[in-house]
Amino acid sequence: MADVGVRAARREDVLQVANTQIRAWRYGYRDFLPEGPLEQMTGAAAEKMWLRQWDEAIVAPPTPMHRVLVAVETILDTEGFPALGAGGSAALTTPRGGERVVGLASHAPAEDPDLDPSVVAEMLTLLVDPDFVRRGHGSRLLNATVDHLRDDGFRQIVTWVFADNHAVLGFLESAGWGEDMAERVLDMGRPIRMVRLTTDIS
């Protein structure tokens with residue numbers, strides 16, 4: 001059995017946050033990103049860089065409106081349920097207290113030059129560990145993001161998504177987001193297109 005929720009990230013979460021990001025990228029991006037660049041994004045050298053960046057983002061954000069949120073599961077009564085599958089096996093690596101980080105979201109005032117950062121925020125990250133998808137963590141993270149940003153006085157949120165990441169595009173569109181016609185192309189050995197989605201939270 002497991003208890004679930006979303007809270008602000010803490011320093012002790014840094015390792016789990018970085019690991020969750022890497023696992024989610026390896027699984028979620030493998031079908032549309034070239035193998036070489038994906039390995040550069042998720043390999044051992046990259047892991048050290050992400051640890052430093054997440055530590056800074058969580059412990060010393062630039063402003064109070066730069067936040068990292070984590071989805072957590074607290075594993076309960078696992079000793080009595082040896083056949084729990086993913087939840088039961090997770091207990092073997094769950095840190096003290098039984099709480100495991102299974103997803104993350106981060107946001108900040110928007111930086112795109114065509115947007116007003118006083119009223120538009122950007123959701124920089126929305127990721128769920130591939131072993132914990134379809135348990136509502138993505139929706140809880142998204143709702144918590146909207147609640148924080150609305151309380152901060154923002155009226156709109158944008159996010160950038162790989163154009164071939166149909167799972168995330170479908171998820172956000174089902175939550176009321178839509179493309180705003182902005183796009184960018186990354187050079188990753190071949191052109192990789194990203195599209196910007198937006199939602200009104202006023």
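Select Arg7 first. With a relative accessibility of 16%, Arg7 counts as buried, because the cut-off for buried is under 20%. Keep in mind that this is a predicted model.

Arg7 and Asp13 form a salt bridge. Their closest N and O atoms are 2.7 Å apart. Is Asp13 buried or exposed? Asp13 is buried, at 3% relative accessible area.

Bring in Arg10, Glu12 and Glu99, and display the side chains. Together with Arg7 and Asp13, these residues are linked in a network of salt bridges. Side chains of opposite charge can pair when their charged atoms come close.

Next stop: the helices. Select α1, residues 14-28, and α2, residues 35-42. Two packed helices are described by the angle between their axes and the distance between the axes. Here the angle is about 170° and the axes are 10 Å apart. α1 is therefore roughly antiparallel to α2, since angles over 145 degrees fall in that class.

Which residues make the contact between α1 and α2? On α1, pick Ile22, Trp25 and Arg26. On α2, pick Leu38, Met41 and Thr42. Colour the contact by residue type. The contact of α1 with α2 has 4 nonpolar residues, 1 polar and 1 charged.

Move on to Arg196. At 4% relative accessibility, Arg196 counts as buried.

Take Asp112 to begin with. Where do they lie? Arg196 sits in strand β7, residues 191-200, and Asp112 in the loop between β3 (99-109) and β4 (120-128). The pair therefore ties together parts that are 84 residues apart in sequence.

Then switch to Asp114. Is Asp114 buried or exposed? Asp114 counts as exposed, because its relative accessibility is 53% and the cut-off for exposed is over 50%.

How many salt bridges does a search of the whole structure find? The search finds 14.

Definitions and conventions
Residues numbered from 1 in each chain as written. Predicted model: local features only at pLDDT ≥ 70, side-chain atom pairs only at ≥ 80, totals over all residues. Heavy atoms only, no water. Axes fitted to C-alpha atoms, helices over the stretch in contact; angles between N-to-C directions. Helix = DSSP H or I, 4+ residues; strand = E, 2+ residues; numbered from the N terminus. Parallel < 35°, antiparallel > 145°, perpendicular 65-115°, else oblique. Contact = heavy atoms within 4.5 Å. Nonpolar A, V, L, I, M, F, W, Y, C, P; charged D, E, K, R; others polar. Salt bridge = Lys/Arg side-chain N within 4 Å of Asp/Glu carboxyl O. Buried < 20%, exposed > 50% of the residue type's maximum accessible area, 1.4 Å probe, protein only.
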